[in-house]
Structures are given as C-alpha cells and as structure tokens.
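Subject: Handover of a structure and findings

Dear colleague,

Please find below the structure that I am handing over to you, together with its sequence. An account of what was found follows directly after it.

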Amino acid sequence: MKYFYAFLMLGLFCKDLAAQDVPQQSYQLIKTRNEVQYKNYYLLTLFQQLPELRKMLSTDTAFNNIYKSKTAQVNEAVKTCKTDISCYAKALKFTDEEIAHIGNRLALLYTENNLLGDMVKNHLIPSGCYAMFAKEQHKTLLVKAWEQDANAVNYAIGVYVEGNKPNYPKIDSISFTLTDKTFVELTSANALLSLQGNNKLFFEPAMLFALEALELNERNDAADYEPMAKGVNLAAINQIKKTDWKKYPYSVILVPGAGPEEKEVALSAGGMIRCRLAALQYHKGMAPFIVVSGGRVHPYKTKFSEAYEMKKFLMETLQIPESAVIMEPHARHTTTNMRNCARLMFRYGMPIDKAGMVCTVKSQSYYITDILLERCKKELGYYPYKNGKRLSDTESEFYLNTTSLQIDFDEPLDP
C-alpha cells in the first residue's frame, strides 16, 4: 500500500511541476519605461529590474571582466573607427565566443533554489516569453533565453546600424545610408552613450546601443500606444472583467489590417470593408469584442496605424462602443495579426479554450485557413493558433496557442 501512495504522490508532484511549466494568465510582465526593451529583451530586463538578481550579477567577477572588456572595446572604437560604421557595430555586438562564455557562466551559477532558479520559475516560464524552450530543463531554458536575447541585440544592430537586410526590406529597412556623415556621427555618439550612467551589467552597453539605434531610425514601433492596458484598451479591459462569456459563441472578432499604399491615405478601402464585416458579426452577438490588428506598415515609414484608424472608423462611422474595441497596433504581417491577437486574448484574461472568429475578405480568409499556418511555422518557428471551423467565405474560427507568447528575436519592431 505504501508503494501505491508513493506512486500517487509522485504523480501529483509531477502534475504540479507540469502545471508550473506553462504560461500563466495571472503573470504580470516586469516592464520598463522603454517598452521596446522589455518586449524585445525580457531576460535582460529581468536581470536589470530584479534588485537582488542585479546585485548578484553585478558582483560576479566573471561578468565584471566581460563588462570591462566590452568597455575597453567601445572606448577604442570611439577613438579609432572614424567613418567605419561596421567598426562600431563590431565593438558593441556579442561575438559567438562571448555568447557561449556568458551562457556557460549562467549555467555554472544556476541552481534550482537560488536567484537564477527563482527567476526561471517565477518569471521566464509563467511569462511565456520563451515558450519554445518550456520543455527544456530549467538551466537549459535560462541559457537558451540568454542566447535568444543576445542574438536579438545583434540582429537590431545588424539591421539598424550595419544596414543588413531585415526579413521584410520594403517596410523595415534602415533609414540612413551608411556613407551619410550625419549617421556616422550619430553612431559614434551612440557608442559613447552606451557606457554612460549606471550601466554596469555585462550586457547593458550592447543592449543600449541597439535600443538607441532603433530610436535613431524612428523604429520604436513596438512601443506604439503603450501602455495599452492603461490607455487605448482600458475601456475594453474594464468590460472584459464584467463579460459573461457564456452568452457569446466567440471571444473576439479579429479584423486583420489592410494598409494603404498612398502616404496621405489613413485607412484603406480594404480596411473599411473588413470593419464593416466585423461590425455585422458584432451586431449579431457573435462576440463581445472586436480586435483591430495592424501597425504602421504600408507604405514605408507611414505615420498611420492600421489598428488606430480601424478603431476610429468602427467608433465614429459604425457606432461601435469603445468598450467593445481592442487595439492591437503592432502586427506587420498576417502572421502577427493572428499571433498578436492570441497574445492579447491570453494577456487580457479571456477564456483560452474559447474560439475566436477571424473576419476579413474572402481571399485573406481562405489564405488564413489554408496557407498561413505553415508560413507561421516557417517565419515564427511555431503555430500561434489552431484553425477551427469555416463559418462562411469571410469568417472562420481559430483557437489561441500559448506558444504565441514567444518573443520573436528577429522582428524588433514587433517582437
């Protein structure tokens, strides 16, 4: 009998562990004033923002030596790089050897019950920001999260300092020419600034250099309308808390963005039609909320946000109440229309087992159900949603996948 109870207790213990190793809707992200930072580099943000952990890392001899070495490289670059943009970038980016060395040091310092172990259990896993590594041992998850953030920093520097091609060059490329004397001067000053203030952690010069490069290129899109929960989405969030979900077949009606190609046009004809299709379903009582999704995408460096303009159209022209409209103003592609909607459904406390409805024109609707999932797998590395039933030529069901919370390291405008 004692073996039966031992087996039973082991099963309960394993069940508890499994329950812990998944994202938690109750988890609140640790945020910084710079929204671009915590959205792109969440592990590095935790290193910075958790006081005891910051103290642990700042007093570690190995990490201090890395910081001193990086400081020397940057100071030398400021003195000698002159007009060579790649020289500044090389001084700030993490080398493969540095990434491996830091990963090994983190693994050596890690124990299940110290500050690093607590961070993995209480932040990395429940946040979902590194969901693709959730099945790894906790020490391995920490190392892979570090590698992801380091590569994300390098990617931003590569595109927005060195001029490397981003995933979508027509809409996300660098704003400067590399031979522009002004850009060289700005980059040199950026390198110098990365060492100023209270920036003593081993990763801070590189991270700050990357963040400032995004700012100089006017590429802080990831921060658009943040904090949304206290601003553009506050009325809807308050309504979510009062919603009786049993009254509705679906949790949300998702409207993917459709950007115009003319700079002076705020909302495309396609965007208007999609809003009207969604309003029709809303008035039928299909869902209590409409999610409008789309960032400042088309044309290149447009000032108009697809989500904002669609929200305005829904409210002003179609008389949909603000409390029923949720803005998702960051997606740059159909892949991230779906992913970001799934994220908001999770973060805003909607029932995760209840289907959402995608409402759009016929061609895009069938593209989403028939083709898009494999594109998501190719570009994001996972499936952010699961298809449900097709409802009509313009409507279909989808279910969120919590892996959608995974940060995308090579999309700094919408990670």
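This is a predicted model: local features need pLDDT of at least 70, side-chain atom pairs count only at pLDDT 80 or more; totals for chains, interfaces and linings use all residues.

How do the residues of the lining of the largest pocket divide into nonpolar, polar and charged? They divide into 14 nonpolar, 7 polar and 10 charged.

Confidence

The protein chain has a mean pLDDT of 94, and 95% of its residues reach 70 or more. Residues 1-19 have a pLDDT below 50, and this stretch makes 1 contact in the model beyond near neighbours in sequence.

The largest pocket

The volume of the largest pocket is about 860 Å³. Its lining is made up of 31 residues, and those nearest the centre of the pocket are Leu29, Lys31, Tyr38, Arg347 and Tyr348. Three helices, α2 (35-40), α13 (234-240) and α16, each supply at least two residues of this lining. The greatest contribution is that of α16, with 4 residues.

Helix α16 covers residues 334-347. Just after α16 comes Gly349, which takes a positive phi of about 80 degrees.

Which residues does Ser404 touch, if those up to four places away in sequence are not counted? They are Arg339, Ala342, Arg343, Tyr382 and Pro384. Ser404 itself is found in the segment after β6 (395-400). With a relative accessible area of 1%, Ser404 lies under the 20% limit and therefore counts as buried.

Cavities

The structure also holds 3 cavities of 30 Å³ or more. Rolling a probe the size of a water molecule over the atoms shows where such empty space is left.

The largest cavity has a volume of about 50 Å³. Its lining consists of Asp21, Val22, Pro23, Leu124, Ile125, Gly128, Tyr130, Ala131, Ala134 and Leu141. By class, these residues are 8 nonpolar, 1 polar and 1 charged.

The second largest cavity has a volume of about 40 Å³. Glu218, Arg219, Asp221, Arg296, Lys301, Thr302 and Lys303 line this cavity. Here the division is no nonpolar, 1 polar and 6 charged.

Backbone details in the loops

Two cis peptide bonds deserve mention. In the loop between α12 (204-216) and α13 lies Pro227, and the peptide bond from Glu226 to Pro227 is cis, with omega near -5 degrees. The loop between β2 (290-293) and α15 (306-316) contains Pro299. The peptide bond that leads from His298 to Pro299 is cis, with omega near -10 degrees.

Tyr225 lies in the loop between α12 and α13, where Pro227 is also placed. The phi of Tyr225 is near 65 degrees, which is a positive value in a residue other than glycine. Is Tyr225 buried, partly exposed or exposed? At 31% relative accessibility, Tyr225 falls between the limits of 20% and 50% and so counts as partly exposed.

Lys82 is another residue other than glycine with a positive phi, in this case near 55 degrees. Its place is in the loop between α5 (61-80) and α6 (85-92). Lys82 has a relative accessible area of 60%, which is over 50%, and it is therefore exposed.

A separation across the model

Finally, how far apart are the C-alpha atoms of Glu185 and Trp245? They are separated by 56 Å, while the two residues are 60 residues apart along the chain. Glu185 is found in helix α11 (residues 181-193). At 60% relative accessibility, Glu185 is over the 50% limit and so counts as exposed.

With kind regards

Conventions
Residues are numbered from 1 along each chain as its sequence is written. Side-chain values use heavy atoms; hydrogens and water are left out. pLDDT is the predictor's confidence in each residue, from 0 to 100. Contact means heavy atoms within 4.5 Å. On a 1 Å grid over the protein atoms alone, a cavity is a set of points where a 1.4 Å probe fits but cannot get out, and a pocket is an open set with protein on both sides within 12 Å along at least five of seven lines; lining residues have an atom within 4 Å of a point. Grid points are joined across faces, edges and corners, and a volume is the space filled by probe spheres set on the points. Ala, Val, Leu, Ile, Met, Phe, Trp, Tyr, Cys and Pro count as nonpolar, Asp, Glu, Lys and Arg as charged, and the others, Gly among them, as polar. The expected span of a helix is 1.5 Å times one less than its number of residues. Buried means under 20% relative accessible area, exposed over 50%, partly exposed in between (1.4 Å probe, protein chains only).
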